[in-house]
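Hello,

Here is the model we talked about. Please have a look at it before reading my notes below.

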Amino acid sequence: MNEISPHPTLEPADRKPGVDAKVASVNTVLIAEDNSISRRILESWFEKWDYRVTAVENGLDAWKVLQKEDAPQLAILDWMMPGMDGIELCRRIRSRDQDVYRYVVLLTAKDDKHDIVTGLEAGADDYLTKPFDVEELRARVRAGRRILDLQAALIRVQGALQFEAAHDRLTGIWNRGAILDLLIRETERSRRTNGSLGVIMADVDFFKQVNDDRGHLVGDAVLREVSRRFETTLRSYDSVGRYGGEEFLIIVPGCDAMNLVVTAERLRSRIANQPIETSAGPVPVTVSLGLVSTQSSESRLIDPEALLHAADAALYNAKNLGRNRVETAHAARAALNAHLPM
Ligand SMILES: [Mg+2]
């Protein structure tokens with residue numbers, strides 16, 4: 001088997017919208033202040049407010065902390081510091097292309113309006129003029145937290161939307177658009193790396209009869225369970241999507257022609273061996289599968305559309321030969337050639 005790497009953007013981890021790890025760092029704060037008394041006071045206040053505090057005494061150390069993956073989202077930066085001042089830190093924070101917002105409060109002894117404008121233009125969200133009092137700082141930090149909480153909520157919504165856009169609502173597996181995107185990407189990868197790629201088209205036999213005899217709710221339960229059995233039978237880096245009503249497209253990267261047949265046969269028996277439990281009682285279900293492997297095909301088949309056609313033609317053969325069976329595109333070659341100019 002060839003070595004394969006996970007899909008660059010559509011990884012299994014993307015499948016469930018959940019709390020992003022980035023969101024977990026909201027309760028942390030970076031305090032950068034060269035005056036040790038001032039720094040300790042700030043530290044003790046934030047600790048009292050249940051923050052996890054990282055305190056540094058110069059701008060260079062602050063920048064080191066801010067570049068870390070899990071850097072605090074709230075930063076209290078002194079304006080005047082050795083190494084790098086708060087203004088330069090602000091500029092650097094804002095010039096980095098980050099998907100997590102950092103809320104920056106500048107501490108300054110200056111109260112000249114022009115200086116305040118400079119600080120805000122450099123990217124500070126707020127400022128506090130020294131000497132400051134604890135209540136004012138607390139109020140400003142609360143305002144910052146509201147922004148960061150909103151940001152966290154937005155990230156969650158964004159994750160949920162991304163999930164919905166790529167997944168089939170009924171079964172939770174990839175939807176047609178997403179599985180076709182994956183097919184295009186995996187075909188491209190297999191062409192580039194000369195690795196083998198398997199494509200399986202699967203269809204539930206006599207599905208219309210299930211819907212007609214037992215109702216659509218039972219039909220839905222059947223599709224959900226077929227999806228679940230497919231998913232749990234496949235390897236984590238294989239992909240299964242709902243291609244049409246009761247039709248599934250399965251992409252098996254780095255799998256040679258022989259193992260592809262074994263995989264398809266495993267999927268078939270996993271469905272046929274055990275009736276599906278539904279609210280209307282157990283429903284015996286079978287699937288027909290057509291498959292094609294880039295390894296056993298001519299080079300012209302390393303093209304997503306040609307692979308789909310070949311797998312579909314093999315599926316058509318499996319249906320004609322009695323259903324509940326696996327057919328490879330070899331046997332379907334005649335059917336395929338009938339559709340292609342010679
Ligand atoms: Mg200072």
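**Strand pairing and packing**

In strand 11, Ile 200 has Leu 291 as its bridge partner. Strand 6 and strand 11 run antiparallel and are joined by seven bridges. Helices (H or I, at least four residues) and strands (E, at least two) are DSSP runs, numbered from the N terminus. Two strands pair if DSSP finds at least two bridges between them.

This is a predicted model: local features need pLDDT of at least 70, side-chain atom pairs count only at pLDDT 80 or more, and totals for chains, interfaces and linings use all residues. Residues are numbered from 1 along each chain as its sequence is written.

Five strands make up an open sheet, ordered 7-8-6-11-12, with mixed pairing. Its edge strands are strand 7 (239-242) and strand 12 (326-328), each pairing on one side only. On average, neighbouring strands here are turned by 20° against each other, direction ignored. Helix 9 packs on this sheet and touches strand 6, strand 8, strand 11 and strand 12. The direction of helix 9 makes about 170° with that of strand 11. Axes are lines fitted to C-alpha atoms, for helices over the stretch in contact, and angles run from 0 to 180 degrees between N-to-C directions. Contact between two residues means that their C-beta atoms, placed from the backbone, lie within 7 Å.

**The cores**

The largest nonpolar core has 47 residues. Val 199, Ile 200, Ile 250, Leu 289, Leu 291, Ala 311 and Ala 314 touch the most other members. Elements that each supply at least two residues include helix 6 (176-193), strand 6 (197-204), helix 8 (216-233) and strand 11 (287-293). Helix 10 gives the most, with eight residues. A nonpolar core is a set of buried Ala, Val, Leu, Ile, Met, Phe, Trp, Tyr and Cys residues joined through C-beta atoms within 7 Å. A residue is buried if 20 or more other C-beta atoms lie within 10 Å of its own, exposed if 12 or fewer, and partly exposed in between; C-beta atoms are placed from the backbone.

What does Ala 311 contact, leaving aside neighbours within four places in sequence? Its partners are Val 199, Ile 200, Met 201, Gly 290, Leu 291, Val 292 and Ala 329. Another core, of 28 residues, lies apart from the largest one; Ala 32, Ile 87, Leu 89 and Tyr 127 are among its members.

A second open sheet to look at has five strands in the order 2-1-3-4-5, paired in parallel. Strand 2 (52-56) and strand 5 (126-129) are its edges. Strand 3 (residues 74-78) and strand 4 (residues 103-108) run parallel, with five bridges between them. Ile 76 stands opposite Val 105 in strand 4. Helix 3 (residues 86-95) packs on the sheet and touches strand 3 and strand 4.

Ile 31 lies in strand 1 (residues 28-32). Ile 31 counts as buried because it has 26 C-beta neighbours inside 10 Å. Its C-alpha atom is 7.4 Å from that of Glu 43, 12 residues apart along the chain.

**A helix pair**

The axes of helix 7 (residues 207-214) and helix 8 come within 7 Å and cross at roughly 140°. Helix 7 is therefore oblique to helix 8. Angles under 35 degrees count as roughly parallel, over 145 as roughly antiparallel, 65 to 115 as roughly perpendicular and the rest as oblique. Helix 7 makes the contact through Phe 207, Val 210, Asn 211 and Arg 214. Helix 8 uses His 216, Val 218, Gly 219 and Val 222.

Best wishes
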